[in-house]
Amino acid sequence: SRAESFTRGNMGNAFADIRDYPAARDAYQDALKISRALGDDRNEAKWQGNLGLIYAAQANHKQAIEAHQ
């Protein structure tokens, strides 16, 4: 559901704030999958962008660039 996508995404935000990047990545990936399944393009883009920021924070530049394309 859309609410579950928001919950997962907000969990990703919380994990990112405390620099638990693996947990943030997992939460954003979950939110992204849900948004894709719902056809929710706007939130899919938001979670994809946040995922890219996590990759960048981990110096994984190739995945960061791919996530932002």
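The model is predicted, with local features requiring pLDDT of at least 70 and side-chain atom pairs counted only at pLDDT 80 or more, whereas totals for chains, interfaces and linings use all residues. Residues are numbered from 1 along each chain as its sequence is written, and side-chain values use heavy atoms, with hydrogens and water left out.

Helices (H or I, at least four residues) and strands (E, at least two) are DSSP runs numbered from the N terminus. The axes of α1 and α2 come within 8 Å and cross at roughly 160 degrees. Axes here are lines fitted to C-alpha atoms, for helices over the stretch in contact, and angles run from 0 to 180 degrees between N-to-C directions. The two helices α1 and α2 are therefore roughly antiparallel; this term applies to angles over 145 degrees, with roughly parallel used under 35, roughly perpendicular from 65 to 115, and oblique for the rest.

Contact (heavy atoms within 4.5 Å) between these helices involves, on the α1 side, Arg2, Glu4, Ser5, Arg8, Gly9, Met11, Gly12, Asn13, Phe15 and Ala16. On the α2 side are Tyr21, Ala23, Ala24, Ala27, Tyr28, Asp30, Ala31, Ile34, Ser35 and Leu38. By class, the contact of α1 with α2 has 11 nonpolar, five polar and four charged residues. In this scheme Ala, Val, Leu, Ile, Met, Phe, Trp, Tyr, Cys and Pro are nonpolar, Asp, Glu, Lys and Arg are charged, and the others, Gly among them, are polar.

Helix α2 (residues 21-38) also packs against helix α3 (residues 41-57), at an angle of about 160 degrees and with the axes 9 Å apart. That angle makes α2 roughly antiparallel to α3. The crossing of α2 past α3 is left-handed. Residues of α2 in this contact include Tyr21, Arg25, Tyr28, Leu32 and Arg36, and those of α3 include Glu44, Trp47, Asn50, Leu51 and Ile54. The contact of α2 with α3 comprises 10 nonpolar, five polar and three charged residues.

Asparagine 50 lies in helix α3. Its relative accessible area is 17%, so asparagine 50 is buried (under 20%; over 50% is exposed and values in between are partly exposed, with a 1.4 Å probe and protein chains only). Apart from neighbours within four places in sequence, asparagine 50 is in contact with Asn13 and Tyr28.

Side chains of opposite charge can pair when their charged atoms come close. With a salt bridge taken as a side-chain nitrogen of Lys or Arg within 4 Å of a carboxyl oxygen of Asp or Glu, the count comes to four salt bridges. One of them joins aspartate 30 to arginine 8, with the closest N and O atoms 3.8 Å apart. Aspartate 30 lies in helix α2 and arginine 8 in helix α1 (residues 2-17), so this pair ties together parts that are 22 residues apart in sequence. Aspartate 30 is partly exposed at 29% relative accessibility, and arginine 8 is partly exposed with a relative accessible area of 29%.

Another salt bridge links arginine 36 and glutamate 44, whose closest N and O atoms are 3.0 Å apart. Arginine 36 is partly exposed at 47%, and glutamate 44 is partly exposed at 22%.

How values were computed
Left-handed = near helix turned anticlockwise from the far one by under 90°.
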